[in-house]
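Subject: A structure for you to explore

Hi there,

Here is the structure I promised to pass on to you. Have a look at it first, and then read my notes below.

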Amino acid sequence: MLTYTTSQPPCYDKLFQVTPGLYLVLTADFIVVDATDKYLLTTLTTREQIVGKCIFDVFPDNPDNPAHPALHSAQALEASLRYVLQHKQPHSMPAIQYDIIDRTSPNHPFVERYWSFTNFPVLDENQQVCYIMHEKYDITALTQLQEGQHSIKEHLSLLQDAVSAVHWEHDLVHDTINWGNGVAAILGYTPEEMGTSLESWTARIHPDDLQKTVTSLLKAIGNKMWSEEYRFRKASGAYAYMLDQGFFVYKHGKAVKLVGSMVDVTANRQVEQALKESDTRFLTLLESLPLMAWTADTRGKVLYFNQSWYNYTGMKPGQTDGWINVVHPEDSPQVLSEWAEAMNTGFYQVEYRVRSYLDGTFRWFLEQGVPLRDETGKILLWMGTYTDIDDQKQPLVKI
C-alpha cells in the first residue's frame, strides 16, 4: 500500500492550471476564478489580466468585424451560461466566431477566432450552481480553410471551398441528407440523382472504405465534429478521394444535425504519393552512404539516423531521442550550443567524440549539417553527416 509521508495537501489550483485543455472556471456571476495555462496561451491572455474580472469584460464582442459586423458572440456565450444556471445541465455550442483581443500586440487589435465550447455546472451541497466550468476548443485553423466570407446562422457552415467542396446537411432526426452547392460541378450528379437517403451516400463509397467511414461517423456522434477521408464514386464512374468533415449541431444536449462539406483531395493524394516516392529515394540515398547521416526538422529535433549510426553507436534502430548520450561528456555542452546556434545562422560544423558501441571507446568525428531550403529560402529540413577524423586528431609519432 502506498503511504504519503508529507502532511501538505495537494495544491489543486496548480494541478488545475497545468491540466491539458482549454478550461476556465467562472462564478455564477460570470467572474473568472482561474484558467488553465493552455487556455491563457491560446486566448493570448495572462492570469493577472483575467482573474477576478467578468468574462464579457475580458472577451468583448469585436465591434469592427468587417465580415460580420452584426455578430453577437458574447450574447451567445451568455445565453449558454444562463442555460446552465437555469437547468443545471451542460450546454454546448458546436461552432461560433468569437474574436479575441491580442494583448501581446501594442495596439491590442482583435484577431479572428472560431471556437466550439461546452459549459458545465458545478453544484454545491444544496444542488445550487456555485461554479461553471467553461471548456473551449480552438477550431480556427479548420474554419479558415473556407474561401470567401463565413456565414454564421444556427451553426457555422463548414469548409466552404469555392472550387472543390460539396456542401451537405444530414438531418439526424429523420436520417435524411440535403445536398447543396458543388454536387453537379464536382461529383457530376444533380441533387435529385444523389437522393436524400443515407444509403444513397453509402452506396457510392468505395467498398474498401465503406466500413471504416460508417464506423467513424457512428463513433463521432456525441462529439463536436466528424472527419474522414474516403473514395467516392462520381457520376463518371471514377473514384475520387474526398475529405469529408462536419460539425454536429445540438439541441437540448442532443445531436440533431450534422453539417459539412466534401472536399476533393485527389490531387493532394497524388502529390503526397509523389512526395512519398521522393522521400523513399532520399532515404535510400542516405542509407547507401558509407558514413553516418541524419536529418532534423527546423526546430532542431532529429527525425532520422541511417543504419551506419545505429551500427556504430548501438542505439536502438529507429530511436532518435537521447543521441547526446553517446557524445563524450566533455564535448556535449559545445555540441548542444553549436546546434542551437545553427538554428539561427543556418550553418553547422563541429568536431567532437562519439562513443563506439563495440568497444566503448570514443573516436573523433567532424559533423556537418546543411539546411535544405525552398524557393523562398525558407529552411525545410536539415541533413547532416559524420566524417571520421580520429586519425587526424591523434598526435604525430616521430620516427
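Let me start with a question: is D37 buried, partly exposed or exposed? With a relative accessibility of 36%, D37 counts as partly exposed, because buried means under 20% and exposed means over 50%. Please keep in mind as you read that this is a predicted model.

**Salt bridges**

D37 has a partner: its side chain meets that of R47 in a salt bridge, with 2.9 Å from N to O. D37 belongs to helix α2 (residues 37-42) and R47 to helix α3 (residues 47-50), so the pair ties together parts that are ten residues apart in sequence. In total, the count of salt bridges comes to 15.

Another one joins the side chains of K301 and D321, at 3.0 Å from N to O. This pair links distant parts of the chain, 20 residues apart. K301 sits in the loop between β13 (293-296) and β14 (302-305), while D321 sits in the loop between α12 (307-313) and α13 (332-345). K301 is partly exposed, with a relative accessible area of 39%.

Are R353 and D331 buried or exposed? R353 is buried, with a relative accessible area of 16%, and D331 is buried as well, at 7%.

**The core and helix α5**

Next, please turn to the nonpolar residues. The largest nonpolar core has 26 residues, and those with the most contacts inside it are L24, I55 and F56. Several elements each supply at least two residues of this core, among them β1 (22-27), β2 (32-35), α4 (55-58) and β7 (129-138). Which element gives the largest share of this core? That is α5, with four residues.

Leaving out residues up to four places away in sequence, L24 touches V32, D34, A35, Y39, I50, I55, I132, M133 and H134.

Helix α5 itself covers residues 73-87, which makes 15 residues. From its first C-alpha to its last, α5 reaches 21 Å, close to the 21 Å expected at 1.5 Å a residue. Its buried residues are S73, A74, L77, S80, L81, Y83 and V84. Just after α5, K88 takes a positive phi of about 55°.

**A five-stranded sheet**

Another part to look at is an open sheet. Five strands form this sheet in the order β9-β8-β12-β11-β10, and the pairing is antiparallel. The edge strands are β9 (176-179) and β10 (225-233), each of which pairs on one side only. From one strand to the next, the twist averages 25°.

If you zoom in on strand β8 (residues 165-171), you will see that β8 and β9 pair in the antiparallel sense over four bridges. Which residue of β9 is the bridge partner of H170? The partner is I177. Helix α10 packs on the sheet, where α10 touches β10, β11 (239-251) and β12 (254-264). The direction of α10 makes about 165° with that of β10.

**Two single residues**

H206 lies in the loop between α9 (198-202) and α10 (207-220). With a relative accessible area of 16%, H206 is buried. Setting aside its neighbours within four places in sequence, H206 is in contact with R231 and Y239.

S92, in strand β3, is partly exposed, with a relative accessible area of 25%. The C-alpha atoms of S92 and S116 are separated by 7.7 Å, and these two residues are 24 residues apart along the chain. Not counting residues up to four places away in sequence, S92 touches F117, T118 and K224.

Enjoy exploring, and write back with any questions!

Best wishes

Definitions and conventions. Residues are numbered from 1 along each chain as its sequence is written. This is a predicted model: local features need pLDDT of at least 70, side-chain atom pairs count only at pLDDT 80 or more; totals for chains, interfaces and linings use all residues. Side-chain values use heavy atoms; hydrogens and water are left out. The expected span of a helix is 1.5 Å times one less than its number of residues. Buried means under 20% relative accessible area, exposed over 50%, partly exposed in between (1.4 Å probe, protein chains only). A salt bridge is a side-chain nitrogen of Lys or Arg within 4 Å of a carboxyl oxygen of Asp or Glu. Contact means heavy atoms within 4.5 Å. Two strands pair if DSSP finds at least two bridges between them. Axes are lines fitted to C-alpha atoms, for helices over the stretch in contact, and angles run from 0 to 180 degrees between N-to-C directions. A nonpolar core is a set of buried Ala, Val, Leu, Ile, Met, Phe, Trp, Tyr and Cys residues joined through side-chain atoms within 4.5 Å.
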